[in-house]
Amino acid sequence: MSRRTLLITGATQGLGRGIAHDLAARGHTVLLHGRDRTRLDAAAAELRAAAPDAVVRTYLADLADLDQVHAMAGRIRAAEPRLDGLVNNAVAGGGADPLRRELSRQGYELRFAVNHLAPYALTRDLLPLLTASAPARVVNVASIGQEAIDFDNVMLERDYEGLRAYCRSKLALIMATFELAAELDGTGVTVNTLHPAHLMDTNGVREYGLTPATSIDEGVRPTVRLLLDPELDSTTGRYFDQFADTRAHDQAYDADARKRLMKLTDALINQPAQRP
């Protein structure tokens, strides 16, 4: 397999860290994203020590701030000659205090912002580089935990709960995956999404108070498969439960709901931050 350049968001811990190690061991150029410079540099050093021949570069951005998302995409387009794959993995989980509603830099509900708006904005901004590098793949890490979006309460200003916010944001990510895959059909850029594994041993799972049920490696393998497996060269617009091509929440197949979500999404990702 030829060396590919692959970007993983949320690569300083958990699933993202595991994916980065797998890809570096295969000889690919790995672009690590993180929001904390110290942790990002430590993750890069660890990766270089584990795979001395690997090419590793880092990109810093807080995905809770869309201005930083756009700026990071600009830096990547300027610095990288190609981009063969993008794994949108960074996540805001249910939170340690599930009843405390948090906001992004732009004033949006935090889970919706980090888990849906940021990966969509990043992918959209990187499309010129992805299409120029085609064939290329986008893999969106979603969840089996999905809940229908209430378009009269998208930001959960009423009835807020962290896991509910998480599940709605992950469904939004799946819906955006399907829309973007249809838009990019024929360009050589595929877009798929998956539930990587059930309750992996991650900080987010433990922070919410849940007991991990599987190892991180259980999630790494199906995610890397979507990114690299030659048998999936033409597969796009699909949702996988680990290795199984399966059906997501019913709302993901509601064309009107998807269009409504994307109209809102396109408006939100281009609004300036709400300054205090």
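Q: Helices (H or I, at least four residues) and strands (E, at least two) are DSSP runs, numbered from the N terminus. Where does aspartate 159 fall among these elements?
A: Aspartate 159 sits in the loop between β5 and α5. This is a predicted model: local features need pLDDT of at least 70, side-chain atom pairs count only at pLDDT 80 or more, and totals for chains, interfaces and linings use all residues. Numbering starts from 1 along each chain as its sequence is written, and side-chain values use heavy atoms, leaving out hydrogens and water.

Q: In what order do the strands of the open sheet run?
A: Strands of a sheet pair through backbone hydrogen bonds, either parallel or antiparallel. Here eight strands form an open sheet, ordered β3-β2-β1-β4-β5-β6-β7-β8, and the pairing is mixed; a pair requires at least two DSSP bridges. β3 (55-60) and β8 (244-246) are the edge strands, each pairing on one side only. On average, neighbouring strands are turned by 25 degrees against each other, direction ignored.

Q: In which sense do β1 and β4 pair?
A: β1 (residues 5-8) and β4 (residues 85-88) pair in the parallel sense, over three bridges. Isoleucine 8 has valine 87 of β4 as its bridge partner.

Q: Which strands does helix α1 touch?
A: α1 (residues 14-25) touches β1, β2 (29-34), β4 and β5 (136-141) as it packs on the sheet; contact means heavy atoms within 4.5 Å. The direction of α1 makes about 165 degrees with that of β1. Axes are lines fitted to C-alpha atoms, for helices over the stretch in contact, and angles between N-to-C directions run from 0 to 180 degrees. Helix α7 (residues 216-228) lies across β1, β4, β5, β6 (189-195) and β7 (239-241), at about 155 degrees to β5.

Q: At what angle do α1 and α2 pack?
A: Two packed helices are described by the angle between their axes and the distance between the axes. For α1 and α2 (residues 37-50), the angle is about 35 degrees and the axes are 10 Å apart. α1 contributes Arg17, Ala20, His21 and Ala24 to the contact, and α2 contributes Glu46, Leu47 and Ala50. These residues divide into four nonpolar, one polar and two charged. Ala, Val, Leu, Ile, Met, Phe, Trp, Tyr, Cys and Pro count as nonpolar, Asp, Glu, Lys and Arg as charged, and the others, Gly among them, as polar.

Q: How many cavities of 30 Å³ or more does the structure hold?
A: Rolling a probe the size of a water molecule over the atoms shows where empty space is left. The structure holds four such cavities. On a 1 Å grid over the protein atoms alone, a cavity is a set of points where a 1.4 Å probe fits but cannot get out; lining residues have an atom within 4 Å of a point. Points are joined across faces, edges and corners, and volume is the space filled by probe spheres set on them. The largest cavity has about 60 Å³.

Q: Which residues line the largest cavity?
A: Thr9, Leu63, Asn88, Asn89, Ala90, Val114, Asn115, Pro119, Val141, Lys170 and Leu173 line it. α4 (110-132) and α5 (162-184) are the elements giving two or more residues. α4 supplies the largest share, three residues. By class, the lining has six nonpolar, four polar and one charged.

Note on methods: 1 Å grid on protein atoms, 1.4 Å probe; cavity = no way out; pocket = protein on both sides within 12 Å on 5 of 7 lines; lining within 4 Å.
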